[in-house]
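Please look over the protein shown below. A short report on its fold follows.

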Amino acid sequence: MPGRGGVPGECEWRFSALDNVCPHRQGPLGQGWIEGDVVVCPWHSWAFDVKTGLATYPENERVGVFPLRIEGENVLINIESRREGESSSERHMD
Ligand code: FES
């Protein structure tokens, strides 16, 4: 798209797996939106870092992060190893 920047043919993919339930009032984080490196809850706008699960607002809140890995075209999420506030994997694909 003219004026939108970016290089045609290059694409960066990053993956993170977080709990879908917001710790505030159990809002559906998966229906929220991404702003930079955070996902924003659609109900009352609490925001969580997609890599660490730590809240950017309000402080001292967090959601669980699940470790993941990429195998070929598959994203494998270890749902039995939920981690509180640790980084999940990222992958950059060209
Ligand atoms: S339920 Fe997510 S911010 Fe309130």
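**Basis.** This is a predicted model: local features need pLDDT of at least 70, side-chain atom pairs count only at pLDDT 80 or more, and totals for chains, interfaces and linings use all residues. Residues are numbered from 1 along each chain as its sequence is written.

**Overall make-up.** The protein chain has 0 helices and 9 strands. Helices (H or I, at least four residues) and strands (E, at least two) are DSSP runs, numbered from the N terminus. Along the sequence the pattern reads β-β-β-β-β-β-β-β-β. The protein chain has 94 residues, and 20% of them count as buried. Buried means 20 or more other C-beta atoms within 10 Å of the residue's own; exposed means 12 or fewer; partly exposed lies in between; C-beta atoms are placed from the backbone. Two residues are in contact if their C-beta atoms, placed from the backbone, lie within 7 Å. Take the contacts between residues at least 6 apart in sequence: 33% of these join residues at least 24 apart.

**The sheet.** Strands of a sheet pair through backbone hydrogen bonds, either parallel or antiparallel. Here two strands count as paired if DSSP finds at least two bridges between them. An open sheet of 4 strands runs in the order E2-E3-E4-E5, with antiparallel pairing. Its edge strands are E2 (33–35) and E5 (55–57), and each pairs on one side only. From one strand to the next, the twist averages 35°. The angles run from 0 to 180 degrees between N-to-C directions, with axes as lines fitted to C-alpha atoms, for helices over the stretch in contact.

| Strand pair | Bridges | Residues opposite each other |
|---|---|---|
| E3 (residues 38–40) and E4 (residues 47–49), antiparallel | 3 bridges | Val39 and Phe48 |
| E7 (residues 68–71) and E8 (residues 74–77), antiparallel | 4 bridges | Ile70 and Val75 |

E7 and E8 form a hairpin with 2 residues between the strands. Gly72 in this hairpin takes a positive phi near 60°.

**Loops.** Which residues are joined by a cis peptide bond? They are Tyr57 and Pro58, with omega about -10°. Pro58 lies in the loop between E5 and strand E6 (64–66). Asn60 is also found in the loop between E5 and E6. Its phi is near 70°, a positive value in a residue other than glycine. Asn60 counts as exposed because it has 6 C-beta neighbours inside 10 Å.

Gln26 sits in the loop between strand E1 (17–18) and E2. Phi of Gln26 is positive too, near 65°, and this residue is not glycine. With 11 C-beta neighbours inside 10 Å, Gln26 counts as exposed.

**The core.** In soluble globular proteins, nonpolar side chains tend to be buried together. A nonpolar core is a set of buried Ala, Val, Leu, Ile, Met, Phe, Trp, Tyr and Cys residues joined through C-beta atoms within 7 Å. The largest one has 13 residues, of which Leu18, Leu29, Val39, Trp46, Ala47 and Phe48 touch the most other members. E1 and E4 each supply at least two residues of this core.

Leu18 lies in strand E1. Leu18 is buried, because 21 other C-beta atoms lie within 10 Å. Not counting residues up to four places away in sequence, Leu18 touches Leu29, Val39, Phe48, Val50, Gly53, Val63, Gly64 and Val65. The C-alpha atoms of Leu18 and Gly30 are separated by 8.8 Å, with the two residues 12 apart along the chain. With residues up to four places away again left out, Ala47 touches Val38, Val39, Val40, Ala55, Thr56 and Tyr57.
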